[in-house]
Amino acid sequence: MTMSRLALFGFLMMGILLPAAPQAARAQDITGAGSSFAAPIYGAWGLGAKAATGIAVNYQTVGSGAGQDQVMARTVDFGASDKPLTGSRLEAEHLYQFPTVMSGIVVVANVPGLAPGQLRLDGPVLAALYDGSITSWNDPRIQALNPGLTLADAEVAPVHRADGSGTTFVFTSYLAQVSPDWKRRFGAGTAVAWTGGAGARGNDGIAAMVKQTTGGLGYVEYSYAAQNHLDIVQLKNRSGAFVRPSLSGFAAAAQAADWQKADHYGISLLDMNGPASWPIVTATFVLVPTDTHDATTARAVHDFFAWGFAHGDADNARLDYVGLPETVKNDILTHWPR
């Protein structure tokens with residue numbers, strides 16, 4: 001996370017991202033709430049859109065579940081969530097769902113004796129580290145993935161989110177996809193019945209705890225790991241290559257996905273084919289009402305996201321996100337509820 005991203009996130013946490021402008025200078029105020037994963041990009045897009053269009057965005061970082069709840073209650077103009085809703089739920093709640101940007105979830109570790117970026121893991125071993133089957137860093141299953149490295153006889157100290165989160169949903173969905181045992185025992189969710197380890201609140205809480213704990217292991221949004229200079233683990237992807245996270249690796253996963261078959265754009269970007277694909281990539285989603293009676297506000301919400309799609313690529317890259325394919329952006333705006 002760059003310092004500009006940290007500053008945006010701080011404003012969002014205080015709920016004062018974009019103070020109200022004088023009445024004559026603003027065309028429309030809109031409110032949103034939800035995902036912390038997506039908060040920095042909506043802050044950056046909000047600054048640009050306000051200067052260009054006069055639309056002022058007040059976005060509250062309350063988490064994916066609360067973002068869904070608030071838009072269902074119609075207390076905000078749009079909700080944001082890293083966990084997409086099903087088509088039947090969207091229909092019942094009269095909501096339109098679409099993705100906005102993508103980024104990666106990465107695995108970070110604090111293993112003594114290793115240089116940054118040396119450690120390699122695959123999905124099944126990662127699941128075993130979190131389910132308690134592997135308790136030491138010199139376990140033969142880890143050693144087999146890291147020939148030539150001397151692994152410390154140090155206890156594994158896994159760290160998970162203590163709060164329900166979209167990041168946990170994405171991470172556990174990946175584990176359930178690559179490990180039948182994990183799927184059977186734990187499944188996927190914004191919170192699961194962890195068998196051990198320590199809990200921390202937020203991506204930043206996990207990042208700090210892993211950095212401070214010898215033998216620590218955690219999962220965080222990509223930019224948090226980069227900002228805190230954590231040791232990011234290489235992961236084996238579906239094509240059999242060990243890869244490091246990068247914007248190009250996130251984009252490769254997005255390009256390999258079949259967007260046309262996604263239920264209301266609820267695409268899965270996990271464990272995608274391709275030698276460059278990062279295996280844990282996620283889109284973040286927005287929910288807008290289809291039954292609004294305030295046409296002016298509805299148009300402002302549309303115009304805000306249309307502006308972000310058209311002009312937000314520089315902010316996306318600066319803040320470690322990947323934009324959607326152009327065909328997907330066009331499709332979202334074409335099918336926007338009228």
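Two strands count as paired when DSSP finds at least two bridges between them. Strands (E, at least two residues) and helices (H or I, at least four) are DSSP runs, numbered from the N terminus. The model is a predicted one, with local features needing pLDDT of at least 70 and side-chain atom pairs counting only at pLDDT 80 or more, while totals for chains, interfaces and linings use all residues. Residues are numbered from 1 along each chain as its sequence is written, and side-chain values use heavy atoms, leaving out hydrogens and water.

Three bridges tie strand 13 to strand 3 (residues 78–81), the two running antiparallel, and here Ala-80 has Val-286 as its bridge partner. Strand 4 (residues 95–109) also pairs with strand 13 in the antiparallel sense, over nine bridges; Gly-104 is partnered with Val-281.

Strand 13 (residues 280–289) is largely enclosed by the rest of the structure, because 10 of its 10 residues are buried (under 20% relative accessible area, with a 1.4 Å probe and protein chains only). Both of its faces are covered, with Ile-280 among the buried residues on one side and Phe-285 among those on the other.

Then there are the helices. Helix 12 (residues 295–311) packs against helix 14 (residues 326–334) at about 170 degrees, their axes 11 Å apart (axes are lines fitted to C-alpha atoms over the stretch in contact, and angles run from 0 to 180 degrees between N-to-C directions). That makes the two helices roughly antiparallel, a label for angles over 145 degrees. In their contact (heavy atoms within 4.5 Å), His-302, Ala-306 and Phe-309 of helix 12 meet Lys-329, Ile-332 and Leu-333 of helix 14.

Technical notes:
Buried means under 20% relative accessible area, exposed over 50%, partly exposed in between (1.4 Å probe, protein chains only). Angles under 35 degrees count as roughly parallel, over 145 as roughly antiparallel, 65 to 115 as roughly perpendicular and the rest as oblique.
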